[in-house]
Every structure is written in C-alpha cells, then in structure tokens.
Amino acid sequence: MPNYNDESYTCFCRAGFGGDDCQIGCHANWTLFNNHCYKYFQDHLRGYSEAKAQCKTFGAFLVTVHSKEENDYLWSLFSPSGHAVWAGGNDEQVEGSWVWEDGVAWGSFVFWNRGEPNGGSRENCISMRHQDGKWNDLHCTTLSYYICKN
C-alpha cells in the first residue's frame, strides 16, 4: 500500500509471509511470528545436540528467546502438549556464560525458573517448562521435544 505523503509504502503480507517486503516465507507447517518461522517438533524425543542437528537440516537453529513476547508465543505452541522443549541456549563452553545458538548476544531478557540455573557443570542446556514457559538448565543428553527457528 503506497503512502503518497512521504513516498513510502507498507506491505500487507499473505499468511505465512513477513518482513518489510513480505520476503520472509516459512516452510509448510511452520508458523510466522515477528519475522521468524517456528516449528514445534514433537515426533521424537532428542538430546540437545540431536535436536540442534535436526534444526540445521531445515536451515534453522534451536529456538532462541530474546523477549517476553517471543517467550510467551513459544509457550503457546508447546504448553498444551504437557511437555518441556529445548531452547537454543547453553553454557557448554564456559560455565555460567550462557550463549544463544543464533549468535545473538545474550541480552537483558532472561526467564529462569526460581533457583535456576542450578546445575553447575553438569546441566548446560536450556529447557523451557510446559507449565509456565520458564527456563531450566538440564543435562544436555536429556531427551526432550524441541522448537526450531529460522
């Protein structure tokens, strides 16, 4: 839709597309939220590394969470299942120094459950709880469902 006052325009995108110019399109059965595509996988339980590798096959990464709004959206995807999911954050390289799989800086938004992270060097990967979407650090070989994001 053109804006003749300042020679700009606004795109109104079809379902499944987003971005300033509707250039972002999602794979079939993925959902679009804030210019990213998401897919909740509940077909096989996987450890963190396996889930991460599966996401890569779609050109995606384990879901990273950069705002409360995004966390709430993700929780709405998986909470009805009654299962927790892997999120793409870990402190495997340096204990206590959490990083996101997408390379975006850790930032100020965190949503740890009370008393978390508490696993020390044996719990290095983030899981999102189905009860409230809060984060828990778990052993990375724990089997869980997961969400991919691209």
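**Disulfides and salt bridges, checked against their cut-offs**

User: What makes Cys26 and Cys37 a disulfide?

Analyst: The S to S distance for Cys26 and Cys37 is 2.1 Å, and a disulfide is a pair of cysteine sulfur atoms within 2.5 Å, so the pair qualifies. Bear in mind that this is a predicted model: local features need pLDDT of at least 70, side-chain atom pairs count only at pLDDT 80 or more, and totals for chains, interfaces and linings use all residues. Residues are numbered from 1 along each chain as its sequence is written, and side-chain values use heavy atoms, with hydrogens and water left out.

User: Where do Cys26 and Cys37 sit?

Analyst: Cys26 is in the loop between strand 4 (24-25) and strand 5 (31-33), while Cys37 is in strand 6 (residues 36-46), 11 residues apart. Helices (H or I, at least four residues) and strands (E, at least two) are DSSP runs, numbered from the N terminus.

User: Why is Cys37 called buried?

Analyst: Its relative accessibility is 1%. Buried means under 20% relative accessible area, exposed over 50%, and partly exposed in between (1.4 Å probe, protein chains only), so Cys37 counts as buried.

User: How do you know the handedness of the Cys55 and Cys148 link?

Analyst: The torsion about that S-S bond is about -85°, so the disulfide is left-handed. Cys55 lies in helix 1 (residues 48-56) and Cys148 in strand 12 (residues 144-149), 93 residues apart.

User: And what is the handedness of the Cys125 and Cys140 disulfide?

Analyst: Right-handed, because the torsion about the S-S bond is about 95°. The sulfur atoms of Cys125 and Cys140 are 1.9 Å apart.

User: What makes Lys149 and Glu70 a salt bridge?

Analyst: Their closest N and O atoms are 2.7 Å apart. Lys149 lies in strand 12 and Glu70 in helix 2, so the pair ties together parts that are 79 residues apart in sequence.

User: Are Lys149 and Glu70 buried or exposed?

Analyst: Lys149 has a relative accessible area of 2%, so buried; Glu70, at 6%, counts as buried too.

User: Why is Asp72 called partly exposed?

Analyst: Because its relative accessible area is 34%, which falls between the two cut-offs. Its salt bridge partner Lys68, with the closest N and O atoms 2.6 Å apart, is partly exposed at 38%. Asp72 and Lys68 both lie in helix 2 (residues 68-78), 4 residues apart, about one turn of the helix.

Technical notes. Salt bridge = Lys/Arg side-chain N within 4 Å of Asp/Glu carboxyl O.
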